[in-house]
Amino acid sequence: MERFTLVPRAFFDASDPAKLLSQLVHLEKDDTIGYIELPEYGAVLVYCNSVPAVYRLSGSLACIPESEKVVMQYDGTALSLVVARDGKLLLANCFEAADFTTALYFLMAALDQTGIVPEETVVRYSGELEYAWQEVLFKYFQGIERVA
């Protein structure tokens, strides 16, 4: 499971990003901590060992014309999800999901929390998404599209 956090730029201390991340997730002695600034959102992504999928997903938001944007990636074990509205990043998270039903639960719960209406939203996905799962998404969303 990916270990990361998104921090408002004003609260980020570049001198010790590991201290910040260790307050949220368990870190091992040999973990490598990195960070990437997201100036378009006034935030910093602090991560452990490898850049999380939400970074790539957040980068695809700029290519989406609608004001409400939802981009996901489901790999069979986890759902990575970013949600934005009117240029503001509302959510960037990764949820453990051993099956697509669980991933769909997290997706719908996240949209409920952010006030995004699925029936009025096109959800974008990255990576591979089984056709059967695409059919399930079509039941709830205005549309689904693949992003690069």
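## A tour of the predicted chain

Start with the charged side chains: select the positive ones, 11 in number, and then the negative ones, of which there are 21. The centres of these two sets lie 5 Å apart. Keep in mind that the model is a predicted one.

Next, show the whole chain as a cartoon. Four helices and eight strands make up its secondary structure, and along the sequence they follow the order β-α-β-β-α-β-β-β-α-β-α-β. The radius of gyration is 16 Å, close to the 15 Å given by the globule rule for 148 residues, so the chain is as compact as a globular protein of that length. Its C-alpha trace spans about 45 × 30 × 25 Å along the principal axes.

Switch to a surface. Buried residues amount to 45% of the 148.

Now go inside. Select Met72, Tyr74, Leu81, Leu107 and Leu137: within the largest nonpolar core, which has 23 residues, these touch the most other members. Colour β4 (68-74), β5 (78-85), β6 (88-96), α3 (100-114), β7 (122-125) and α4 (131-140), each of which supplies at least two residues of this core. The most come from α3, which gives six.

Centre on Leu81. Beyond its neighbours within four places in sequence, its contacts include Val54, Leu57, Val70, Phe95, Leu107 and Ala110.

Finally, select Ile36, Leu45, Ile64 and Val71. They are among the 17 residues of another core, which lies apart from the largest one.

Terms used: Residues are numbered from 1 along each chain as its sequence is written. This is a predicted model: local features need pLDDT of at least 70, side-chain atom pairs count only at pLDDT 80 or more; totals for chains, interfaces and linings use all residues. Side-chain values use heavy atoms; hydrogens and water are left out. The radius of gyration is taken over C-alpha atoms; the globule rule is 2.2 Å times the number of residues to the power 0.38. Buried means under 20% relative accessible area, exposed over 50%, partly exposed in between (1.4 Å probe, protein chains only). Lys and Arg count as positive and Asp and Glu as negative; His and the chain ends are not counted. The place of a charge is taken as NZ of Lys, CZ of Arg, CG of Asp or CD of Glu. A nonpolar core is a set of buried Ala, Val, Leu, Ile, Met, Phe, Trp, Tyr and Cys residues joined through side-chain atoms within 4.5 Å. Contact means heavy atoms within 4.5 Å.
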